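Take a walk through this fold, one contact list at a time. Keep the viewer open and follow along.

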Amino acid sequence: YIQRPAVEAKVLGLFAKPRPDGRMPRLVSIIGFGGMGKTRLAVACALQAVALFDGDHDDGVYFVRLDDRLPTKESLAEAIGAAFGWIGEAALPDRFLAALRERNSLLVFDNFETVDSDDSRQFVARLITETRHLRLLVTGREAVKLDDAEHLVDGDDPRNHMTAAEARELFVERARQKRGADWSPDERDEATIGRIIELTDHIPLALELAAAWVGHKSLDEIAAGIAATPLGAETAQPPRHGRIGPDRHRSLTRCLDWSFQLLEPAAQEAFARFGVFADSFTADAARTVCDLPDADTMLSRLQDASLLRRSEVASQSRYELNRFTRSYAAEKLDALPVSDAVRQRFVNHYRELVVAHHHIND
């Protein structure tokens, strides 16, 4: 994560500024298009909030993943319960609210658009009105739409974009992962990096995609390759009600197009097949669902290209695609002759896991 002091201060300042009625704000949303760095910004702000609002979060800060859940209050409550480690009846909405009533916690809701509905918004309103100290920091493509309670930071507003200095720092730090920690761009490199920043529109995901290739291409070749790639078509995630320019949206797709075209055919097909996964997945799941005997090789290849990320959960590697990137991969999957077979294996694989889980519990 590259620090973004001005935007971080804006987010945290909204929590600290009293409302006209004297009450302190308890819901702040960071909204914006996919790939703009909302999640990492929210996490950075949440970590700072622990120190800034001393004592206000004594009961913890919790990250609540909402990717591809149903737009219901029960689904939202289940996701929050998972963050707290609550299952079964403890995660039912009414039981859940009672348990949270006196807690001093900050909840980070990531990708709220997945559960966005009147039902979910009413539940969020209850989280605020029926608890005393709970704070909510929400990311999403749209606001929660609680006009009387919500404060917004619009990531699509040019004033909240990465500055040129922040974009350069992100690119250089990512490039050093490929060229070595001691690599330092010279004057000519700096000019080309400036060109790459312009071509990527200061978008964090686009910058990472560009920097991922510095171990294979010169900076001039990267800039020329992106510039020669036509602006991408709009994907399944169109601009939010026309509030951002279409070129900014399409420039991210262009970087994905450019990066995808550089992959060898086997990696391209593997990437498309991984678009079937709605959440993180293991190498074994990739091997079975996507029918890829060389899944480990493909996962490493795509991780090297910044097209997916690896994390560790309980000492096991798990892989996931950025939400925007996954949408792009899913479109590629639709074009494959094997798309239906991949989706059927996905259903069969997770059905077997559920059956096995219930068998063990029984």
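Leaving aside its neighbours within four places in sequence, which residues is Lys 38 in contact with? The model here is a predicted one. In it, Lys 38 touches Ile 30, Ile 31, Gly 32 and Phe 33, and also Thr 139 and Gly 140. Lys 38 itself belongs to helix α2, residues 38–52. Its relative accessibility is 10%, so Lys 38 counts as buried, the cut-off being under 20%. Its side chain reaches the backbone oxygen of Phe 33 at 3.0 Å. Val 138 is 100 residues away along the chain from Lys 38, yet their C-alpha atoms are separated by 9.3 Å.

Five strands make up an open sheet with parallel pairing, in the order β2-β3-β4-β1-β5. The edges are β2 (61–65) and β5 (150–154); each has a single partner strand, so one side of each lacks a neighbour in the sheet. From one strand to the next, the twist averages 20 degrees.

Now go through the pairs. Strands of a sheet pair through backbone hydrogen bonds, either parallel or antiparallel. Five bridges link β2 to β3 (residues 106–110) in the parallel sense. There, Val 64 is opposite Phe 109 of β3. Two helices pack on this sheet. Helix α3 (residues 73–84) touches β2 and β3, and its direction makes about 135 degrees with that of β2. Helix α5 (residues 118–129) touches β1 (27–31), β3 and β4 (135–140), and its direction makes about 155 degrees with that of β4.

Next comes β4. β3 and β4 run parallel and are joined by four bridges. Leu 107 has Leu 136 of β4 as its bridge partner. With α5, these two strands make a right-handed β-α-β unit. β4 also pairs with β1, again in the parallel sense, over five bridges. In that pairing, Ser 29 stands opposite Val 138.

Why is β4 largely enclosed by the rest of the structure? Six of its six residues are buried, so the strand is largely enclosed. In a regular strand the side chains alternate between the two faces of the sheet. Both faces of β4 are covered. Arg 135, Leu 137 and Thr 139 are buried on one side, and Leu 136, Val 138 and Gly 140 are buried on the other.

Turn to the nonpolar cores. The largest has 63 residues, and Phe 171, Phe 274 and Phe 281 have the most contacts inside it. Helix α8 (residues 204–211) gives the most to this core, with six residues. Leaving aside neighbours within four places in sequence, Phe 171 is in contact with Ile 193, Ile 196, Leu 207, Ala 210, Ala 211, Val 214 and Leu 219. A second, separate core has 26 residues, including Tyr 62, Val 64, Val 124 and Ile 128.

Finish with backbone angles. Most residues other than glycine have a negative phi, and most peptide bonds are trans. Ser 306 is not a glycine, yet its phi is positive, at about 60 degrees. Ser 306 lies in the loop between α13 (295–304) and β6 (309–313). Ala 314 also has a positive phi, near 50 degrees. Ala 314 is placed in the loop between β6 and β7 (316–320). Is Ala 314 buried or exposed? Ala 314 is exposed, because its relative accessible area is 77%, against a cut-off of over 50%.

Conventions
Residues numbered from 1 in each chain as written. Predicted model: local features only at pLDDT ≥ 70, side-chain atom pairs only at ≥ 80, totals over all residues. Heavy atoms only, no water. Pairing = 2+ DSSP bridges. Axes fitted to C-alpha atoms, helices over the stretch in contact; angles between N-to-C directions. Contact = heavy atoms within 4.5 Å. Buried < 20%, exposed > 50% of the residue type's maximum accessible area, 1.4 Å probe, protein only. Right-handed = clockwise from strand over helix to strand, strands pointing away. Polar contact = N/O pair within 3.5 Å; in protein donor to acceptor, adjacent residues only side chain to side chain. Core = buried A, V, L, I, M, F, W, Y, C linked by side-chain atoms within 4.5 Å.
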